[in-house]
Amino acid sequence: MAESPVSSHDSAIILDRGYRSYHGPRTGRRGAMAAVVKEGYRRVLGLRRKAKRKLFPWTLIALALGSAAVLVAIEWVSSSLPISLDTSDLFPRYSGYFDFISNVALLFAAFAGPQLLVPDRTQGVLNVYFSRPLGVRDYLVAKAATFAAVILSFWLVPQILLHLGYAALSPAGFLSYLGGTTDILWKVPAAALVYFAMHGSLAFLVASFVNRVGAAAAGIVAVLLGLNLVALLFQEVGLAPGTKWTSLLALEQHPRFVRDWIFDLEASITIPAQAGFGPEASLMVVIGCAVVSVLLVGWRYRRLT
Amino acid sequence: MIDGPTGQRHADSPIIETRDLHKHFGQVRALAGVDLKVPPGITGLVGANGAGKTTLIRLLLGLTAPTSGEVAVFGTPVSRDAAGLRARIGYMPEGRCLPLDQTAADFVAYAAELAGIPPAEARRRASETLFLVGLHEERFRYLGDFSTGMQQRVKLAQSIVHDPRLVLLDEPASGLDPAGRDQMLEVIDRFRGFGMNVLFSSHLLEDIEQTCDWVVMLDGGRLLRSAPLDPPGDGTAVSVEVFDDPLPLVAALTARGIEVTYAGRVVTAMSSSEDGFVEVRDALAASGSSVRAMGTDLRSLEDVFMAATKESNG
């Protein structure tokens with residue numbers, strides 16, 4: 001057999017293969033949506049971006065994780081004291097932790113929502129998205145999935161740290177603690193989902209209409225806290241016969257009311273509760289806000305494209 | 001032809017085909033009755049602002065639906081499988097389309113993934129494509145730090161990174177200095193070697209002349225001309241501008257078996273004989289046409305465009 005002509009060039013290396021045709025698999029719409037999710041995650045967390053882009057999200061993440069670590073540390077210190085001290089009344093546990101970091105989480109959602117939508121729109125990148133096998137609905141579904149994953153991670157990862165920390169420090173033992181608190185496994189995610197539905201839907205809605213990330217973030221916080229103030233004023237002053245219904249404007253309060261319902265707690269002093277509404281009404285408001293937001297965001301993007 | 005199956009096309013089958021294509025935006029008529037067949041190769045899409053170039057490109061991508069008529073790419077109606085077609089089409093928008101906080105390599109790889117290329121291959125292809133457009137050294141720099149020319153090249157890279165069969169370039173040389181324009185056109189010219197077909201929209205007619213094989217002219221939403229830029233053949237191309245109606249001359253030339261194109265009052269005859277002037281002279285005598293100017297076909301594309309526009313506007 002003749003010697004292969006390649007053998008005389010064994011030491012040769014290819015420095016540049018140049019532009020080539022592609023004959024491999026193509027992943028279609030699903031692959032495109034997965035790419036949008038991955039890139040959205042990177043954008044929110046500032047990954048593969050300049051250092052200054054990482055500062056704000058990672059500061060908030062550090063606050064959330066740090067507070068969980070501090071609570072576990074307090075539990076550890078109190079458990080090593082010679083006297084028995086019940087820290088559950090002094091420091092927040094699972095349900096209370098939601099209150100503990102709700103403002104930080106609100107800031108994170110107000111930052112993440114605009115980051116996901118605004119630059120694509122203002123920098124013209126939608127032209128690239130929609131010239132690929134990706135429709136408006138695919139794009140929005142992928143962005144919403146990214147937003148949900150980021151925000152739910154923000155709520156849940158510190159809770160998982162808390163849970164594992166408390167379990168490790170439990171006098172009953174790690175496994176006994178986990179076995180005795182299985183209800184936490186659905187209650188915490190359910191409450192986190194309610195918070196996401198309210199914060200997230202509002203953040204997406206505002207981010208769809210405002211063309212500056214900072215202004216959108218400020219707008220989200222202002223709307224949530226401002227409506228609280230409006231509802232409170234109406235309730236305190238009692239100007240009109242329909243004042244009771246204005247308490248439902250306190251959007252920021254509804255997730256807390258529903259969370260208390262999920263954890264079977266005595267209702268905290270929320271504006272809707274003071275007006276005589278039950279948690280079911282708050283849940284309906286949360287669902288209603290999410291539905292209205294989905295419809296308006298979809299309408300906005302159909303018009304844009 | 002417009003209903004033919006994808007992938008089973010003759011080499012000369014049109015890449016783009018439209019039939020009686022209309023697009024209205026409210027009272028505004030963007031395209032009116034465009035019948036078009038664009039062959040493989042590099043095609044220039046010429047027209048003034050508002051001629052309907054971008055609307056045609058958006059219709060080809062399936063981003064907007066025609067008011068009436070049909071549009072097909074690779075023989076497949078766009079309305080049947082717009083997403084599937086877009087996986088094999090590249091698009092370079094005229095305006096901004098770059099996320100300024102990403103590196104060139106990250107963005108071009110992302111653009112490849114959006115077109116369905118798996119992530120590892122997308123990164124490899126992004127590197128190769130940025131090398132092709134002359135940005136290999138700068139690929140890890142942030143797009144916000146790029147000059148206009150470099151950004152145009154990144155836009156071009158994202159449009160071809162997924163190995164499309166058709167690339168739609170909307171004013172690719174806009175905003176570039178003369179040297180940058182030449183480099184951009186040189187890269188586009190290299191696409192032929194990769195088996196890509198290009199539809200290249202521009203209002204700079206010199207760019208079209210320099211790069212394209214075929215030209216499509218639009219004016220006010222109407223098709224003025226869809227023809228080869230350099231008519232093929234071994235013979236001589238002779239242009240005659242007549243004072244009156246060119247049709248008698250066209251008929252006389254056609255009767256002599258000469259291939260003829262005309263725009264306005266300018267008739268171009270593709271003679272296969274050694275001296276095309278003799279045949280044209282005889283045809284002129286037979287038709288009784290009065291000659292205003294005559295010569296070898298050295299008219300610029302601008303002359304053709306202006307003549308066609310004038311003719312179209314009466």
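Biologist: How many disulfides does the count give over all chains?
Modeller: This is a predicted model. A disulfide needs two cysteine sulfur atoms within 2.5 Å. By that rule the count over all chains is 0.

Biologist: Is Cys97(B) buried or exposed?
Modeller: Buried means under 20% relative accessible area. Cys97(B) has 1% relative accessibility, so Cys97(B) counts as buried. Cys289(A), at 23%, is partly exposed. For Cys97(B), the answer is buried.

Biologist: How many salt bridges are there over all chains?
Modeller: Side chains of opposite charge can pair when their charged atoms come close. The cut-off here is 4 Å between nitrogen and carboxyl oxygen. Searching the whole structure gives 27.

Biologist: How many residues apart are Asp138(A) and Arg29(A)?
Modeller: These two form a salt bridge, with closest N and O atoms 2.7 Å apart. Asp138(A) sits in helix α5 of chain A and Arg29(A) in helix α1 of chain A, so the pair links distant parts of the chain. Asp138(A) is buried at 9%, while Arg29(A) is partly exposed at 45%.

Biologist: Which residue forms a salt bridge with Asp219(B)?
Modeller: Asp219(B) is buried, at 14% relative accessibility. The closest N and O atoms are 3.8 Å apart, and the partner is Arg222(B).

Biologist: Which residue of chain B joins the network with Glu39(A), Arg43(A), Arg49(A) and Arg53(A)?
Modeller: Salt bridges that share partners build this network. Four of its members, Glu39(A), Arg43(A), Arg49(A) and Arg53(A), belong to chain A. The member from chain B is Asp101(B).

Biologist: Which are the edge strands of the open sheet in chain B?
Modeller: The sheet has 6 strands, in the order β6-β7-β8-β3-β9-β10, with mixed pairing. Neighbouring strands are turned by 15° against each other on average, direction ignored. An edge strand pairs on one side only. That gives β6 (89–92) and β10 (222–228) of chain B.

Biologist: What is the bridge partner of Gly44(B) in β8(B)?
Modeller: Strands β3 (residues 42–46) and β8 (residues 197–202) of chain B run parallel. They are joined by 5 bridges. In β8(B), the partner of Gly44(B) is Phe200(B).

Biologist: What angle does helix α6 of chain B make with β8(B)?
Modeller: Helix α6 (residues 178–190) packs on the sheet and touches β3, β6, β7 and β8 of chain B. Helix α1 (residues 53–61) of chain B also lies across strands, running at about 150° to β7(B). For α6 against β8(B), the angle is about 155°.

Terms used
Residues are numbered from 1 along each chain as its sequence is written. Chains are lettered from A and ligands numbered from 1 in the order in which they are written. This is a predicted model: local features need pLDDT of at least 70, side-chain atom pairs count only at pLDDT 80 or more; totals for chains, interfaces and linings use all residues. Side-chain values use heavy atoms; hydrogens and water are left out. Two strands pair if DSSP finds at least two bridges between them. Helices (H or I, at least four residues) and strands (E, at least two) are DSSP runs, numbered from the N terminus. Axes are lines fitted to C-alpha atoms, for helices over the stretch in contact, and angles run from 0 to 180 degrees between N-to-C directions. Contact means heavy atoms within 4.5 Å. Buried means under 20% relative accessible area, exposed over 50%, partly exposed in between (1.4 Å probe, protein chains only). A salt bridge is a side-chain nitrogen of Lys or Arg within 4 Å of a carboxyl oxygen of Asp or Glu.
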